[in-house]
Amino acid sequence: MNRQFLVFLKALLGSCKDLLPIILVIAFFQFAVLQQPMPNIGDILVGLALVVLGLTFFIYGLEMGLFPIGESMAQAFAKKGSISWLLTFAFCLGFGTTVAEPALIAVAKEAASVAASGGIISDTLAAQLSYANGLRFTVAFAVGLAIVIGVLRVIRGWPIQYLILGGYVLVVLMTMIAPHWIIGIAYDSGGVTTSTITVPLVTALGVGLASAIKGRNPMIDGFGLIALASLTPMIFVMIYGMVIS
Amino acid sequence: MALLLEFLTTLKNTVIDVLPILSIILGFQLLVIRKPIPHIKQVGFGFIYVLIGLALFLLGLEKALFPLGKMMAKQLTAPEFIHAGEQVLTNVHWSDYTWVYIFAAAIGFSTTIAEPSLIAVAIKAEEVSGGAINANNLRISVAIGVAIGIALGSYRIVVGHPIHYYIISGYVVVVIQTFFCPKLIVPLAYDSGGVTTSTVTVPLVAALGLGLASTIPGRSPLIDGFGLIAFASLFPIIAVMAYAQLTQAKARQAERYGEKRKRIKINKRSLQPKKQESSKNPIQDKKNR
């Protein structure tokens with residue numbers, strides 16, 4: 001028990017260190033550049049304490065729960081040897097985690113209001129809602145597909161460069177033909193898809209799979225799933241934009 | 001008491017967010033794999049810790065960092081601060097916004113250091129590479145990449161260039177670097193682009209973009225406000241590969257230096273050269289193996 005407490009304390013200290021840059025930046029700009037007093041300092045201190053505590057718990061639980069389950073599932077699937085089930089799982093994981101992602105819901109809503117004010121869709125609530133939902137499902141489908149491709153890549157041992165470079169070429173080509181109002185949203189949608197819980201799980205899945213399959217290097221083959229998951233949404237959102245207009 | 005209530009609400013929302021993931025995992029574990037989860041108790045506790053941690057983290061952000069960061073972004077982009085009382089804004093010069101770029105870089109760097117998903121990936125990378133990739137160095141390189149990306153992205157909003165020129169030239173740099181970079185780091189570098197932009201960075205950066213786009217004449221917040229996230233996920237790729245290239249170059253230099261010293265030693269004492277010095281850089285070392 002005592003030792004566990006020591007580990008926890010060490011993690012707490014690490015979280016404090018992680019947060020220090022933010023505190024310094026905010027303090028510097030508030031006092032030196034804007035030259036304003038700090039508003040409701042009590043609230044801020046409480047909030048900072050919560051952030052430190054939260055980060056500590058998160059990292060603690062990550063190594064206890066999220067990483068082991070991701071890897072054990074990858075190993076179980078590798079042992080089972082059924083590629084189709086593995087790919088189904090990969091798609092569900094990508095689709096399921098993205099469709100409910102709060103950041104994506106927020107961006108989709110904002111994008112809908114951009115489209116409405118730009119006259120691309122009619123300015124009714126129903127039209128905006130259907131547009132936002134369409135965007136969400138497009139992105140979720142793209143992420144699901146990306147994880148499937150990524151898992152297939154780990155199994156076959158394709159080098160990631162070619163996939164990513166091919167994706168870049170597609171993005172550039174699509175940028176030329178897609179309507180210009182979708183481009184900013186499309187580029188951003190790549191970044192917002194990967195949430196704090198998805199990233200550790202998907203990373204553990206890739207690394208676990210690469211270490212379970214003979215001849216794969218977990219460093220070279222295990223990473224790269226997230227890169228694909230942030231590339232495909234750009235392409236698919238641009239396609240969505242073209243279909244809509 | 002009010003704090004506790006807020007915490008419970010955040011916790012409930014976090015649980016709802018995690019529910020689809022949990023049901024997928026359980027569904028596949030029970031129906032397809034059909035084996036009990038190994039160390040179920042430990043994994044369960046780990047999950048609970050993650051949930052509590054995330055809820056606390058989000059609540060703390062909501063209470064302390066977001067309001068402050070958003071307020072500062074607003075103040076720094078406000079015309080009163082930049083033009084010191086000049087009321088009529090006709091044309092803006094990009095150099096008026098120097099503090100904005102510095103703030104963008106600083107907030108990009110510091111939020112990335114605290115980003116939980118990046119910490120997760122860095123831990124995994126250090127573990128998998130057997131310590132060859134240092135988690136802290138990786139996080140610092142990613143953070144530098146985000147800082148440059150967001151500063152450049154704010155510059156783009158100020159001058160109003162179309163986004164795809166920047167992103168496409170960034171892609172070209174990535175492609176060129178991929179050819180010269182140690183192969184071991186490439187997938188990790190690509191991944192680091194996607195992980196940087198999550199819970200902490202996105203809301204703050206979005207506030208900055210929105211503040212900029214709504215105060216500069218001729219920019220629409222709805223169109224120009226987007227795009228900063230794309231910058232923040234492209235530049236870490238370049239930064240991580242550059243970090244790998246730097247360590248590789250340093251290792252080569254150290255090797256060359258080592259050889260020179262050996263030669264001098266041999267000349268001086270005409271002794272047998274000792275066991276060959278191992279390379280300083282583990283990444284390079286692994287590659288040679």
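Predicted model: local features only at pLDDT ≥ 70, side-chain atom pairs only at ≥ 80, totals over all residues.

As background, the accessible area lost when parts come together is often used to give the size of an interface. Counted by residues, the contact draws 92 from chain A and 89 from chain B.

What about the polar side of this contact? The rule finds six residue pairs in polar contact across the interface of chain A and chain B, with both residues at pLDDT 80 or more. It also finds two salt bridges across that interface. In a salt bridge between Arg139(B) and Asp18(A), the closest N and O atoms are 2.6 Å apart.

Now look at the side of chain A that touches chain B. Helix H2 (residues 41-80) of chain A supplies its largest share, with 29 residues. By class, this side of chain A holds 63 nonpolar, 22 polar and seven charged residues.

Next, please turn to the second largest pocket, which has a volume of about 730 Å³. Which residues that line this pocket are the closest to its centre? Of the 23 lining residues, they are Ala11(A), Gly14(A), Asp18(A), Ile59(A) and Arg139(B).

Two or more lining residues come from each of helix H1 (2-33) and H2 of chain A, and from each of helix H5 (116-128) and helix H6 (135-159) of chain B. H1(A) gives the most, with eight residues. The lining as a whole has 11 nonpolar, five polar and seven charged residues.

Technical notes: Residues numbered from 1 in each chain as written. Chains lettered and ligands numbered in written order. Heavy atoms only, no water. Contact = heavy atoms within 4.5 Å. Salt bridge = Lys/Arg side-chain N within 4 Å of Asp/Glu carboxyl O. Polar contact = N/O pair within 3.5 Å; in protein donor to acceptor, adjacent residues only side chain to side chain. Helix = DSSP H or I, 4+ residues; strand = E, 2+ residues; numbered from the N terminus. Nonpolar A, V, L, I, M, F, W, Y, C, P; charged D, E, K, R; others polar. 1 Å grid on protein atoms, 1.4 Å probe; cavity = no way out; pocket = protein on both sides within 12 Å on 5 of 7 lines; lining within 4 Å. Points joined across faces, edges and corners; volume = space filled by probe spheres on them.
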